[in-house]
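These are my notes from a first pass through the structure. I wrote down each item as I looked it up.

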Amino acid sequence: MNKNRNFYLGLVLVLPLLASLPFWVQSEYFFFAAYSVLQFVILAVAWNILGGYAGYVNFGSAAFFAIGAYSTIVGYKLHFPQGANILLGTFMAGLVGLGMGYITLRLKGVFFSIATLAMSVVLLTIVTNTPFLGGARGVYVIVSRESPVGTGPYIHWLYFLILAMAVVSVIISRIIEHSWLGQGLMAIRDDEMAAEGLGVPTLKLKLIATSISGALMGLAGTTFPYLITYVEPTATFNLSFAVNSIAMPIVGGLGTWIGPLLGALLLGSIQQIASVTLSSSWNLLIVGGVLVLFVTLAPNGLVGFFKKWSGK
Amino acid sequence: MENTTQTQMPLVKVSAVTKKFGGFTALSNVDLVIAPGERVGLIGPNGSGKSTLVNCISGMLKIDGGSIEFAGENISSLPPHARVHAGIARSFQIPRPFKTMTVFENIMVVLNFSGNDRKSADDLRSTEERAMDIVQGVGLHSKKDHVSASLTQVELRKLELARAMAANPKVLIADEALAGLSGAEVDEILDLIMGMKEKGVSVLMIEHIMSAVMRFSERLVVLVAGNKIADGLPQDVINNPEVIKAYLGE
């Protein structure tokens, strides 16, 4: 209870500060960078729900992200309002998560991971060959120049959206961690056979996890078209989404709600800084380097490192 | 004992169960009946199909023939977790704790998921209190907050039993719960299993330690090469020439 109070107290203190940034930070680029970092927060937190809690490594994050993005394209073409597109993408990604889970969750370990990777390739092929979705050429989205809430440029509005989505994702992840669902998923991670043999409905819990995890990854993708205004398969199914959503929870600390958050803030920020000072082509190299560093020196991530350091 | 099982409805009724692994028949037409509150010992040489039978009853393995009934219901196609909800709990031959969790959390998982979290009218304890009672019952209270990966072999065996008990089963299947323990430890764990009878729980125990089997069993069943060759009072069974032949050879 005490921990709960501290969490929401922290949220109440930090959130207004983050939400007020557009009113006193001048640089527009800053919000592009912040958007990117927050987008990775959602992806990392979402990946952790299945990968960290239940121990099922999903290589298909980019596919779920793309489902969110392309659902928005569909909604955009059908003249849906933005809010509807966000809900549509989240729902579709959750649905695909459920379906993918149903097909692949009987596979264990690396076989499951390869199946998720295969799904990503299949979806990429489908999108590339569907003219309605822009095919390989891509599709344009026209957004207004100004933020609809009147704080300045449109990126401010996108920043508010992704901030809200990130907060929702973190809260959902934290609620799961402390609920019966999280407990069951962790039992599955520790020993799936024992869990099933002691009454844990493992398939049902895993399906709930893939659905929620997929939905949140899709959520992260729903506003992506409004950010880049030109959506094409290579950018949307980018390797960087799949790699980062695995690397960030590992660097932050698997299986805790705060681990992926810290990992995404750290790795996301480093990549944004590197994009400005060096070149964005350094990004994946940096992720790889940091990952190697953490796996060898702090295998339990930042969370594990802090715990050890504080002697708890 | 045969009479009692015939007069009242059996709790577990295994009928003509067959299980094959490729071309190898691990169980062929095995029948087994367990009455409510009965303590049954299951013995047999290595590879005779004891664990396979346990895995078929608990649902870890799908049977290739025959049927398994529990309290009159055919449960042959139920997944393992549903059988736990029905009232069948098992401990594993090699302890399989949830290793990143504490002893207490291990018990809490089972209480929360086995359908045993609902409070009855005469039991107003919270789930935490019940978990604490179970931990205390097996003598692990001093290790309550220890991560289960740090436990010793005896403690792991106790935890394994405690988790099975936490499911509040009508029948407990103990798969070699005593393997690898010293004499005093065997008695300690055996007392725990024997104590289940007072709660009206049937127990099916697989065991190699004969002194423990004889002390424990009200009825003894012998499997050899996937076939049941004896089923009756322990004293009669161990004097059965076929059983002696199976264990000692011609």
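Helices (H or I, at least four residues) and strands (E, at least two) are DSSP runs, numbered from the N terminus. The model is predicted, so I kept to its cut-offs: local features need pLDDT of at least 70, side-chain atom pairs count only at pLDDT 80 or more, and totals for chains, interfaces and linings use all residues. Residues are numbered from 1 along each chain as its sequence is written, and chains are lettered from A and ligands numbered from 1 in the order in which they are written.

**Entry 1: loop residues**

I started with A:His79, which I found in the loop between α4 and α5 (82-104) of chain A. Its phi is near 60°, a positive value in a residue that is not glycine. Is A:His79 buried or exposed? For this I used counts of other C-beta atoms, placed from the backbone, within 10 Å of the residue's own: 20 or more is buried, 12 or fewer is exposed, and in between is partly exposed. A:His79 has 7 C-beta neighbours inside 10 Å, so it counts as exposed.

I then looked at B:Ala71, in the loop between β4 (65-70) and β5 of chain B. B:Ala71 also has a positive phi, about 50°, although it is not a glycine. With 16 C-beta neighbours inside 10 Å, B:Ala71 counts as partly exposed.

**Entry 2: the six-stranded sheet of chain B**

I took two strands as paired if DSSP finds at least two bridges between them. Six strands of chain B form an open sheet in the order β6-β7-β8-β3-β9-β10, with mixed pairing. β6 (88-91) and β10 (227-232) of chain B are at the edges with a single partner strand each, so one side of each has no neighbour in the sheet. From one strand to the next the twist averages 15°; axes here are lines fitted to C-alpha atoms, for helices over the stretch in contact, and angles run from 0 to 180 degrees between N-to-C directions.

Strand β7 (residues 171-175) of chain B runs parallel to strand β8 (residues 202-206) of chain B, and five bridges join them. B:Leu172 has B:Val203 as its bridge partner in β8(B). Helix α6 (residues 153-166) of chain B packs on the sheet and touches β6 and β7 of chain B, and its direction makes about 175° with that of β6(B). I counted residues as in contact if their C-beta atoms, placed from the backbone, lie within 7 Å.

What joins β9(B) to strand β3 (residues 39-43) of chain B? Four bridges do, and these two strands run parallel. One of the pairs is B:Gly41 with B:Leu220 in β9(B). On β10(B), β9(B) has five bridges, and the two run antiparallel. β9(B) and β10(B) form a hairpin with two residues between them, and B:Ala225 in the turn has a positive phi of about 50°. Five of the six residues of β9(B) are buried, so the strand is largely enclosed by the rest of the structure. Helix α10 (residues 241-248) of chain B lies across β9 (219-224) and β10 of chain B, at about 130° to β10(B).

**Entry 3: the four-stranded sheet of chain B**

I found a second open sheet in chain B, four strands in the order β2-β1-β4-β5 with antiparallel pairing. Its edge strands, β2 (24-34) and β5 (73-74) of chain B, each pair on one side only. Seven bridges join strand β1 (residues 12-21) of chain B to β2(B). B:Val17 stands opposite B:Val30 in β2(B).

**Entry 4: a helix pair in chain A**

I checked how helix α4 (residues 61-77) of chain A packs with helix α6 (residues 109-128) of chain A: the angle is about 30° and the axes are 9 Å apart. That makes α4(A) roughly parallel to α6(A), a label for angles under 35 degrees, while over 145 is roughly antiparallel, 65 to 115 roughly perpendicular and the rest oblique. A:Ala62, A:Ala63, A:Ala66 and A:Tyr70 in α4(A) meet A:Met119, A:Ser120, A:Leu123 and A:Val127 in α6(A).

**Entry 5: where the chains meet**

I noted that 16 residues of chain A are in contact with 22 residues of chain B. On the chain A side, the largest share, six residues, comes from α8(A).

Notes: Two residues are in contact if their C-beta atoms, placed from the backbone, lie within 7 Å.
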